[in-house]
Each structure stands twice: as structure tokens, then as C-alpha cells.
Amino acid sequence: MANNIIILMCLIFTLFCSGLAVEVGPLQDFCVADSTSMVMPNGLMCKNPMQVEANDFYYGGLNIPSNKTTPTGINMTLVDVDQLPGLNTLGISMARIDYALNGINPPHIHPRATEMLVLIEGSLHVGFVTSNPQSRLISRVIHTGDVFVFPAGLIHFQRNVGNRLAIAILSLNSQNPGLINIRDAEETLPESVKFK
């Protein structure tokens, strides 16, 4: 009987200690990014909370398309911690993408984030490729008001298949999701490892 009590107490103590070892959320209300700090932890240093103001949590202009057009026919307006310092440590970012006729956001990955796309206007062919060994293409055409999710780290794409411009709003569950364009990555590889 005493052995059972000791085992139970050890189990409770172990579970309690392991619960304390993991921090699942921020340690304070906010940590507005201090872009002047030269210290670079995993994220950005916090601004003095007494110097934080409403503009640290505000970004205006997502209703206006970006004036940068890529060769693939998209304009992207990114809203991450660089544009909105109040996002620091909150684990989110977003973007607006405007797709020209036949515009494509070519195959790419976000190594640190899942992406959720809300189509505001138009029609897009969207999809992603599952990991090995299946390497299945999961894709469909979506229309105004539809939502599609791209799991973190998987190759995915979007292409305007409508007869007008398309507009999407993306949300990502990281303040720094990362972006690796497959074509750009392939071009940086040595010739000896490229597919012929």
C-alpha cells in the first residue's frame, strides 16, 4: 500500500514539474518589437512597455494593392513584425496578394507556418503537395468567399484561373513564417545535384 502511494506521489510530482517546464504562451501582455536593439534573440527585443503606443499595434493600407508587381503577375503586401511591431511574440502575420490575369504565386514553402487563404475576389486554382512517400497533389479551384489551408512546410501554390483580377488575404501562424521559392532554391544548387 505504501509503495502505491509513493509511486502515485512520484507520478503526480513528475507531471507537475513537466507542466512547469513548458511555457505555452507569452510571459507578458505584449512585446512590441524594438527595431533599434542590436540584440537578436529568437524574435526581437521588447520595447519599454511605458513607451508603447497605439500605433505599435496599427497598420493602415491593406485595402490598397501593392505597387510591386513580380514577374509571375502577383502583388504582395506583407504585414509582419517589420511593418507592425506589436505582432512581436504573438505568432501571427498576414498578407494581401493581388493576382493579375493568369498570375501565379509559384510553388513555395513556409518552413515555420501554416497558411490560411481567404479569397476576397476572383477564382484561384490552389494546392499543395504532401510529403514523401505519397507526394500527393491536393488541389481545387476556389471562388470568392472560399477559404483554403496550406499546412506548414508543404510545397503549395495559387494561380488566378478567373477572367478578372483576384484578391486574397493570407494569415500565417508565425511572426516570421519564412519563404522558400522552389525555383529560386533549385537555381542555387550545384549542377551535380540538379535534376537533368
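**Terms and ground rules.** Two strands count as paired if DSSP finds at least two bridges between them. Helices (H or I, at least four residues) and strands (E, at least two) are DSSP runs, numbered from the N terminus. I am working with a predicted model, where local features need pLDDT of at least 70 and side-chain atom pairs count only at pLDDT 80 or more, while totals for chains, interfaces and linings use all residues. Residues are numbered from 1 along each chain as its sequence is written, and side-chain values use heavy atoms, with hydrogens and water left out.

Entry 1: I looked up the strand order and found an open sheet of 5 strands, β1-β2-β9-β4-β7, with antiparallel pairing. β1 and β7 (147-150) stand at the edges with a single partner strand each, so one side of each has no neighbour in the sheet. Direction ignored, neighbouring strands here are turned by 20 degrees against each other on average; the axes are lines fitted to C-alpha atoms (for helices over the stretch in contact), and angles run from 0 to 180 degrees between N-to-C directions.

Strand β2 (residues 93-99) and strand β9 (residues 166-172) run antiparallel and are joined by 7 bridges. Which residue of β9 is the bridge partner of Met94? I found Ser171 there.

**Entry 2: Ser93.** Next I checked Ser93, which belongs to strand β2. Is Ser93 buried or exposed? Ser93 has a relative accessible area of 4% and is therefore buried; the cut-offs are under 20% for buried, over 50% for exposed and partly exposed in between, with a 1.4 Å probe and protein chains only. Its side chain reaches the backbone oxygen of Ser174 at 2.7 Å. For contacts, meaning heavy atoms within 4.5 Å, I left aside neighbours within four places in sequence: the partners of Ser93 include Val79, Leu87, Leu170, Ser171, Ser174 and Pro177.

Entry 3: I found another open sheet of 5 strands, in the order β6-β5-β8-β3-β10 and with antiparallel pairing. Here β6 (137-143) and β10 (180-181) are the edge strands, each pairing on one side only.

I went along the pairs:
- β5 and β6 pair in the antiparallel sense over 7 bridges, and Gly127 has Ser139 as its bridge partner in β6.
- β5 and strand β8 (residues 156-160) are antiparallel and joined by 5 bridges, and Phe128 has His156 as its partner in β8.
- β3 and β10 are antiparallel and joined by 2 bridges, and Ile109 has Ile180 as its partner in β10.

I also noted that strand β5 (residues 123-129) is mostly covered, with 5 of its 7 residues buried.

**Entry 4: the annotated residues.** I looked in UniProt, where an unreviewed entry lists Asn105, His110 and Glu115 under "binding site". UniProt positions are in the numbering used here, feature names are shortened, and annotations may be inferred rather than shown by experiment. The lining of the largest pocket includes Asn105, His110 and Glu115. On a 1 Å grid over the protein atoms alone, a pocket is an open set of points with protein on both sides within 12 Å along at least five of seven lines, and lining residues have an atom within 4 Å of a point.

Asn105 sits in strand β3 (residues 104-109). Asn105 counts as buried because its relative accessibility is 6%. Beyond four places in sequence, Asn105 is in contact with Ile74, Met76, Ile97, Tyr99, Phe157 and Gln158.

His110 falls in the loop between β3 and β4 (115-121), and at 9% relative accessible area His110 is buried. Not counting residues up to four places away, His110 touches Glu115, and also Ala152, Gly153, His156, Leu172, Pro177, Gly178 and Leu179.

**Entry 5: an exposed residue.** Last, I turned to Asp29, in the loop between α1 (2-20) and β1 (74-79). Asp29 has a relative accessible area of 72%, so Asp29 is exposed. Its C-alpha atom is separated by 9.6 Å from that of Pro49, 20 residues apart along the chain.

Notes:
On a 1 Å grid over the protein atoms alone, a cavity is a set of points where a 1.4 Å probe fits but cannot get out, and a pocket is an open set with protein on both sides within 12 Å along at least five of seven lines; lining residues have an atom within 4 Å of a point. A polar contact is a pair of N or O atoms within 3.5 Å; within protein, one must be able to donate a hydrogen and the other to accept it, and residues adjacent in sequence count only if both atoms are side-chain atoms.
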